[in-house]
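Please look through the sequence and the structure shown below. The paragraphs that follow take up the surroundings of the ligands, the interface between the chains and some details of the backbone.

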Amino acid sequence: MKLEQGYPESMLASIAEVERTRAERLETRFPKLEATEAEQLLQRYHPDYRPEGKRAIAVGPNRGDQAPHELVDLLEAQPRITPGDVDLSRIDHEIDLLILGGGGAGTVAALWAVAEGLEPNQILIATKLRHGDANSMMAQGGIQAAVAPGDSPAQHFLDAYGGGHFTNRRELVRALVEDAPGILRWHEKLGVLYDRDTAGEMLRKHGGGTSRMRMHSAKDYTGMELMRVLRDAARDLEIPVLEFASALELLTDEVGRVAGAVLVDLETSCYRVVRARATLLATGGFGRLHIQGYATTNHYGATADGLVLAYRAGARLRDMDAVQYHPTGAAYPEQLVGQLITEKVRSMGAQPINCHGVQFVYPLEPRDVEASAFIRECYERGNQVDTPTGFSGVWLDSPMVEAIHGPGTIERNLAAMARMFRRFDIDMTRQPILVFPTLHYQNGGIAIDPDGRTEVPGLFAAGEVSGGIHGKNRLMGNSLLDYNVFGRRAGRAAAQDILAGVAPGPAVTLEHAYRHAEACRQAGITGELRSPLLLPDYRGKEALSRRIDLL
Amino acid sequence: MSLSELPDLPSPLVTIHILGRLVQVPEGLTLMKAMEYAGFRLVHGVGCRGGFCGSCGILYRMADDYKLRPALACQTTVAEGMYLARMPFVPTNRAHHDLTQVNLATTTTLLASRYPELARCVACNTCTKACPQELQVMDYVQFALRDDWAEVTRESFDCIQCGLCALRCPADIAQFQVAQLARRAHALHNVAPSPQLAARVASIKAGEHRPELERLLDMDVDGLRALHAAREIEEAS
Ligand SMILES: Cc1cc2nc3c(=O)[nH]c(=O)nc-3n(C[C@H](O)[C@H](O)[C@H](O)COP(=O)(O)OP(=O)(O)OC[C@H]3O[C@@H](n4cnc5c(N)ncnc54)[C@H](O)[C@@H]3O)c2cc1C
Ligand code: SF4
Ligand code: SF4
Ligand code: FES
């Protein structure tokens, strides 16, 4: 295929249209949608509003609630462990606090459990891949906190609650916004490098749905800078981490209190039994379920395992019917499809433009509204740009960022983005980039209280796996904040319980999982599927069709 | 409107070697997707799939070329005649340190004392050539030798800790580990805490925002809707 600076000839004419209208667009401002218009757009185009994408859960605490098929399939699947597989009389680790998931939430929880008084070697972080191979590492845009004099926790509350369509649990939002400045202060003390102005104040930006500029960032490597410092701090304290150790099932005592977990190494398939006084789920989100066939921004291990495990143990989930599609996933080149184009590109001035060079939506509507407008432009109005491999998208006019803020701005502020496209010969400082919505965030999750307690005794949850903080829609910058605020709260609460002598009874069982499996069979659910999923399978069809099970 | 991981459209094939075996894969795939296409189910050497986590370092060589080239499997496109080998992560040493126990104001050898192998750098620039983030790795190693944390920070900020530099270094220096320590030292010692932030933390501690928050907690949803709709939006600067 002949490429002209990264783009095939078929896309160049449309790029010329974008360039033609740029000067005029720099001078005009596209109006924000009225609330009723936004609502109509959502109803008609947002994937969440398609009834065929969901069904009611048939068993368990959320029986009757709607959720995406891909998730319900896993919640109703049989456990991977069957009676007799695992010798529960041999305990491999006997510890105070078991943390499942070594992303941001898990690491923060461990740090604060130590601060609260637990011995580091009485904690174990078990994680699927390596410590930090997680959605937390990938966040680009920033983290919200109401720090500036013209801003306040109450203002932050309003933004988050309205952004969540007034469905969030208010006590959780309050904790989120009230703890936020303290979290940033803690980060300063750990050595996190936020972007600052010459006077030494942290830089602030808008994000979709914010009424004040309160997005704090570290270039477009915010998540990476945070995660690598938190991980380094955990290494300072020598908190034990088991890598390549996936949680396969929780353990419960004779009365159903959570008592640890069975872990498995995905390469050797060997298991370990961990008994713990408290267990904290921090396994992150579910992007790799590819709900409704969408590509995703999420890391490889984002497969809803924590939801499945907690659900079998009796934990209630909430808001699972609402999925966040980020409006700007890369739609070209093929190698980048689904990858996130940070919202910061729009907050710095880039406008969404259709194939004719015309802007069709205000750039910073809430994410679900913005994504719906993109879908309408591509699939109803026919103003999309098609790629040679059969995807469609609209332009994000990235050169506007430099036109507004001066040359070099992209390299300074959006280095990760620029590098990503440069690798595939596209220069986003001079050429627009093609985008389409991508599956980004699990809005709902395990119901928790402000201390990260689930409704199951002995089980805590924090981070993307939990629900209620963001209601039906999370605003950008509130989930990095969420994993810090609730990682800390859950880590401390778990430590306090442990230090107060709270502990499960002597039995270590998988009864809850078998009971759930039986309930599924009773409900007439047949099928071979087992869960947790652990990893998606991307092997080629051709290769799979020739596979012989040998060793 | 569905976007799957791999296109179903027929595309021209390229011939490559993966861990010694000859395979044909569609052109335009990343090395990671090419391995999967060929039947590998990846468990290690894969993380974010987006160029941020540094877990997917690989080595490859082109046909008729002697050069071994390091790359990120998730950020590199397959090309005809590639020979590629997957890597585990690079098991580098992280020197033990607890920055709260160090007097950053007086030390001038923080990095060299924790990583004495820094002195063995032969300035061959191999690390710089290996870096998929195109960082000037050798330069930051030189700054590290002088304990210049600010400069190491500037040069190393975009490091994704993939370890490819360390893998290729003849002096066995773990450049990215050194850089991590330098950045934290820089942040703690050279960056003054934000005054606004300190003030806000204090006002929260003093309970100043509590009444306003509690008013919102108790308000009916319609009241909150109205407040939300009436928000003034701060002008972007
Ligand atoms: C590309 C991208 C950009 C983003 N940008 C922003 C942003 O700018 N601002 C913002 O606020 N938020 C952003 N987010 C969202 C935010 O990064 C995440 O919601 C947040 O980091 C989640 O943290 P976590 O610790 O809950 O989950 P994760 O960081 O995903 O960590 C979960 C960990 O658990 C592991 N795990 C999973 N299953 C198991 C199992 N069975 N056993 C053991 N371990 C398991 C995972 O492998 C992973 O290591 C972004 C997300 C993505 C993907
Ligand atoms: S400096 Fe080293 S570890 Fe960091 S990105 Fe470059 S090669 Fe990878
Ligand atoms: S590869 Fe090693 S020896 Fe060569 S310049 Fe880099 S740090 Fe120095
Ligand atoms: S998989 Fe994370 S950098 Fe390639």
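A residue is near a molecule or strand if one of its heavy atoms lies within 4 Å of it. By that rule the residues around ligand 2 are Cys131(B), Pro132(B), Gln133(B), Val137(B), Tyr140(B), Cys159(B), Ile160(B), Gln161(B), Cys162(B), Gly163(B), Cys165(B) and Phe176(B). For sorting residues by class, Ala, Val, Leu, Ile, Met, Phe, Trp, Tyr, Cys and Pro count as nonpolar, Asp, Glu, Lys and Arg as charged, and the others, Gly among them, as polar. The shell around ligand 2 then holds nine nonpolar, three polar and no charged residues.

Some conventions apply throughout. This is a predicted model, in which local features need pLDDT of at least 70 and side-chain atom pairs count only at pLDDT 80 or more, while totals for chains, interfaces and linings use all residues. Residues are numbered from 1 along each chain as its sequence is written, chains are lettered from A and ligands numbered from 1 in the order in which they are written, and side-chain values use heavy atoms, with hydrogens and water left out.

Chain B also supplies the residues that come nearest to ligand 3: of the 13 residues around this ligand, these are Cys121(B), Cys124(B), Asn125(B), Cys127(B) and Cys169(B). Two elements of chain B, helix 3 (126-130) and helix 4 (137-145), each give two or more residues to the shell around ligand 3. Helices (H or I, at least four residues) and strands (E, at least two) are DSSP runs, numbered from the N terminus. By class, the shell around ligand 3 has ten nonpolar, three polar and no charged residues.

Which residues are the closest to ligand 1? Of the 39 residues that surround ligand 1, they are Ser136(A), Ala247(A), Glu464(A), Ser479(A) and Leu480(A). The shell around ligand 1 comprises twelve nonpolar, 22 polar and five charged residues. Helix 4 (104-115), helix 5 (135-138), strand 11 (246-252), strand 19 (433-442) and helix 15 (478-499) of chain A each contribute at least two residues to this shell, and helix 15 of chain A gives the most, with four.

An N or O atom in the side chain of Glu464(A) is 2.7 Å from an oxygen atom of ligand 1. Gly104(A) places a backbone N or O atom 3.1 Å from an oxygen atom of the ligand, and a polar backbone atom of Gly477(A) is 3.2 Å from an oxygen atom of ligand 1. The protein covers 99% of the 1,000 Å² of accessible area that ligand 1 has on its own; accessible areas come from the Shrake-Rupley method with a 1.4 Å probe, and for residues, only the protein chains shown count as cover.

The two chains also meet each other. Contact (heavy atoms within 4.5 Å) links 89 residues of chain B with 102 residues of chain A. The size of an interface is often given as the accessible area lost when the parts come together. Here the buried area, the accessible area (1.4 Å probe) that two parts lose on being put together, summed over both, is about 8,600 Å², of which carbon and sulfur atoms give 57%.

Side chains of opposite charge can pair when their charged atoms come close. A salt bridge is a side-chain nitrogen of Lys or Arg within 4 Å of a carboxyl oxygen of Asp or Glu, and twelve are found across the interface of chain B and chain A. Among them, Arg94(B) pairs with Asp236(A) at 2.7 Å, N to O. Arg94(B) also forms a salt bridge with Asp232(A), at 2.9 Å, N to O. That pair runs from helix 8 (residues 222-236) of chain A to the loop between strand 5 (82-86) and helix 2 (110-114) of chain B.

Finally, a cis peptide bond joins Tyr332(A) and Pro333(A), with omega about -5°. Pro333(A) lies in the loop between strand 15 (323-330) and helix 10 (344-347) of chain A.

Conventions. A polar contact is a pair of N or O atoms within 3.5 Å; within protein, one must be able to donate a hydrogen and the other to accept it, and residues adjacent in sequence count only if both atoms are side-chain atoms.
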